[in-house]
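The sequence and structure are shown first.

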Amino acid sequence: MAEEPVKDYVLPDLPYAYNALEPYIDEATMRLHHDKHHAAYVAGANAALAKLEEARKNGNFDSIRALSGALAFHASGHVLHSLFWTGLCPHDQSQEPKTGAFLAQVSKDFGSVDLLKKQLGAAAKAVEGSGWAMLAWEPTAKKLIVLQVENHQKLSVQGAVPLFVLDVWEHAYYIKYQNKRADYVDNLWNIVKWREVETRFESASKK
Ligand code: MN
């Protein structure tokens, strides 16, 4: 029997139960979102890499545009979903920063945590079509910035390190919220794992 090839990308387990983010994100959404949608991006990224390997073997790069695009889309989808899960936590574990280096940087770049939340929330609500809002560390200017992301990979600032991401694809909220994306975004503030955002900031800003 042939051995399974080693997969470059692997679907991570959720760091909590499927119903842990209730009532803000419902269990049915979490099951579909993680087990079907995120899994499909992992499979898509691995498939793109396998097809690129085949292209090199065959010396045939006729599909290079499609394959490069598929790799960017699916691998970015995998990276962002992995960040999304770990950036959230049950409501009783969500605690806004009251002190520390991250809070100091937020105050410098946005004025306050409240203004950061307002900008990030506005960005999320206004994404055109499917996409994300992102808080990122921009190492060239050494600043925190808020970005919108279309699909999983468009509108990036190259080199910026994502610290916290909000998924505003319809699959992230439609079962519970239908078309009310704004209500979903407003509710997400109840389940942000700020401690994780701070840890990522400390690691990214040290480099
Ligand atoms: Mn998603």
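## Largest pocket

By class, the lining of the largest pocket comprises 10 nonpolar, six polar and no charged residues; here Ala, Val, Leu, Ile, Met, Phe, Trp, Tyr, Cys and Pro count as nonpolar, Asp, Glu, Lys and Arg as charged, and the others, Gly among them, as polar. The model is predicted: local features need pLDDT of at least 70 and side-chain atom pairs count only at pLDDT 80 or more, whereas totals for chains, interfaces and linings use all residues. Residues are numbered from 1 along each chain as its sequence is written, and side-chain values use heavy atoms, with hydrogens and water left out.

The volume of this pocket is about 240 Å³. Of the 16 lining residues, Leu-80, Met-134, Ser-156, Ala-160 and Pro-162 lie nearest its centre. Two or more lining residues come from each of helix 2, strand 1 (131–138) and strand 2 (143–150), and helix 2 gives the most, with four. A pocket is an open set of points on a 1 Å grid over the protein atoms alone, where a 1.4 Å probe fits, with protein on both sides within 12 Å along at least five of seven lines; lining residues have an atom within 4 Å of a point. Grid points are joined across faces, edges and corners, and the volume is the space filled by probe spheres set on the points. Helices (H or I, at least four residues) and strands (E, at least two) are DSSP runs, numbered from the N terminus.

## Manganese site

His-33 (NE2), His-81 (NE2), Asp-167 (OD) and His-171 (NE2) coordinate the manganese ion at 2.0 to 2.1 Å. Along the chain these donors follow the spacing H-x47-H-x85-D-x3-H. Distant parts of the chain are linked by the pair His-33, in helix 1 (residues 27–58), and His-171, in the loop between strand 3 (161–167) and helix 5 (174–177), 138 residues apart. Donors are N, O and S atoms within 2.8 Å of the metal (3.2 Å for Na, K and Ca); water is not among the atoms, so sites may look incomplete.

His-33 is buried, with a relative accessible area of 1%, and His-171 is buried at 17%. Buried means under 20% relative accessible area, exposed over 50%, and partly exposed in between (1.4 Å probe, protein chains only). Ala-172, in the loop between strand 3 and helix 5, is also buried, at 3%. Ala-172 touches Thr-29, His-33, Asp-167 and Tyr-184, not counting residues up to four places away in sequence; contact means heavy atoms within 4.5 Å.

## Helix 6

The buried residues of helix 6 (residues 181–188) are Arg-181, Tyr-184, Val-185 and Leu-188. They lie on the same side of helix 6 because they cover an arc of only 95° around the axis, taken from the directions from the helix axis to the C-beta atoms. Their cover includes helix 2 (64–86), helix 4 (113–125), strand 3 and helix 5. Tyr-184 and Ala-172 are 12 residues apart in sequence and 9.0 Å apart in space, C-alpha to C-alpha.

## Backbone features

Most residues other than glycine have a negative phi, and most peptide bonds are trans. The peptide bond from Glu-22 to Pro-23 is cis, with omega near 0°, and Pro-23 is in the segment before helix 1.

Asn-151 is not a glycine, yet has a positive phi of about 50°. Leu-155 has a positive phi near 80°. Asn-151 is partly exposed, at 23% relative accessible area, and Leu-155 is partly exposed, at 47%.
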